[in-house]
Amino acid sequence: MTLDADNLIKSHITPVVLCGGAGTRLWPLSRKLFPKQFIPIVGNKSLLRLTLERLRGLNSVQSSSNIVCVAAEDHRFLVAEALEQSGVAGTVLLEPAARNTAAAMTLAAVSTAPDATLLFCPADHYIPDADAFTVMVREAAQALTDDTIVTFGVVPTFPSTAYGYIEMGAREHAQALYPVSRFIEKPVFQRAHELISQGNVLWNAGIFLCRAKALIAAMHVHADDILVRCRETMANASYDRQFVRPGREAFLACRSESFDYAVMERHANVRVAPFKGAWSDVGSWNAVADLTPADDAGNRIEGDGHAINASNTFIHAPCRPVVALGTQDMLIVDTPDAVLVTTREHVEQVKHVVAELDRKGRPHVALHRKVARPWGWYDSVDAGERFQVKRICVKPGASLSLQKHHHRAEHWIVVNGTAEVTRGEATFLLTENQSTYIPIGEIHRLHNPGKTHLEMIEVQSGSYLGEDDIVRLEDTYGRTTEKN
């Protein structure tokens, strides 16, 4: 490799977006299979899409495979859709299981050139000033050395107990980076107030910049067992279009630990870059509420919410009228199948509510009533003994799998668009107000041949209506061995 080519690799920044996380503190909007990073929270865009759009302009010369996303297998099509919506081409590295940020970042590092400059970003942070963020990252990249790991901290604006802190040392000369004196766990309020009074502490944003070889070297020193497992995992990876599937067995044997604990709190060559712009990890309903402008009484309304004789009340009402009468310091979050009512001081306990619902086996922990699929979505409108009604939307040109069911029959009614139906040996078209019947055990497929969305009503009837009663024979999305 020539010197110019080597410098080109180092000057180019490859963003690695960490798309994991359950987002349990934002239940009921965030669910296990549709967590907060994929939800359109800000301006009808998801936090992942906003992150991808922010990173899109990081390099002056764009690369066709500029961004790497590390995500769960269950979320692969949500990530792919966000990449498409944001106009970014990228690779999706699929973790066989959740093993925290140390393993996720190491997978990305061992998958790229040793001299590559990697920027690790959580998918669920909101940073409205993309230009200021870009300037900060580029300045840090110019000061980066081959063995330095840079973290980014946010200049605090209030004594938060929800964030960890980074204490900065004295900066040498006019460097863009500061040495790190220590990392501080999430403090109690009084301690947080004392910290920000020092003037040399930052909120820990969980964003990192380093050469791939610097991360690998640090993992070798501080968490070599994780590094060994990740190398074994990538040695057995398979490739499917934009998806990379690491070897499963080696990764399942990897322990779970955050990169902060595994490396940053132990590593010697660590620097921090301060960010003075607005930032939020959107980690609680208080943080979500603060993204919405307040009226004169401090009420913040999203959707069809109505605050009457109320103050400091947040209402999230995307589906139907929600009225708060005489409330104070309340948060009300309405979804089609679950409602959360709490006070601002109790929002951090929402994750405990989710754990309790999960213990009781409630499906509202994992899924919304409306479920995203790679071909579109379905909405479970109604259900009872031996029947279920779904509203189905299929994207233009998309197809469901060629499949059959052992325990249920289906009735399809087209309400908008055109459906191409395969039923047994026959293939035919249905248009608006036309219908068909799929008997139990019949091989069938639904395809949208048109240029507009296909919408239809599906009525299922039978002895068992679970999503795992699907035998996929052919599938555009590689799901023939899956159950859902």
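**Note on the predicted model**

1. Buried residues make up 51% of the 484 residues in the protein; buried means under 20% relative accessible area, exposed over 50%, and partly exposed in between, with a 1.4 Å probe and protein chains only. This is a predicted model, in which local features need pLDDT of at least 70, side-chain atom pairs count only at pLDDT 80 or more, and totals for chains, interfaces and linings use all residues. Residues are numbered from 1 along each chain as its sequence is written, and side-chain values use heavy atoms, with hydrogens and water left out.

2. Overall dimensions. For 484 residues a compact globule would have a radius of gyration near 23 Å, and the 25 Å of the protein agrees with that. The radius is taken over C-alpha atoms, and the globule rule is 2.2 Å times the number of residues to the power 0.38. The C-alpha trace spans about 75 × 65 × 40 Å along its principal axes.

3. Secondary structure and contacts. The protein has 12 helices and 28 strands; these are DSSP runs numbered from the N terminus, helices being H or I of at least four residues and strands E of at least two. Of the contacts between residues at least 6 apart in sequence, 67% join residues at least 24 apart. Contact means heavy atoms within 4.5 Å.

4. Helix α12 (residues 350-359). Val350, Val354 and Leu357 are buried in this helix. They cover an arc of only 65° around the axis, which puts them on the same side of α12; the arc is that of the directions from the helix axis to the C-beta atoms. An α-helix has 3.6 residues a turn, so residues three or four places apart point the same way. His352 and Arg359 are exposed on the other side of α12. The partner of the buried residues of α12 is β17 (339-343), against which they pack. Glycine 361, with a positive phi near 75°, follows the helix.

5. Helix α4 (residues 100-110). This helix is mostly covered, with eight of its 11 residues buried. The buried residues are Ala102, Ala103, Ala104, Met105, Thr106, Leu107, Ala108 and Ala109.

6. Serine 461. This residue is found in strand β27 (residues 454-462). Serine 461 is partly exposed, at a relative accessible area of 29%. With neighbours within four places in sequence left aside, serine 461 is in contact with Arg386, Phe387, His407, Arg408, Ala409 and His411.

7. Cis peptide bond. The bond from tryptophan 27 to proline 28 is cis, with omega near 10°. Proline 28 has its place in the loop between β1 (13-18) and β2 (40-42).

8. Positive phi at asparagine. Asparagine 309 has a positive phi of about 50° although it is not a glycine. Asparagine 309 lies in the loop between β14 (300-308) and β15 (314-325), and counts as exposed at 70% relative accessibility. Asparagine 433 also has a positive phi, near 75°. Its loop runs between β24 (426-430) and β25 (435-438), and asparagine 433 is exposed, with a relative accessible area of 66%.
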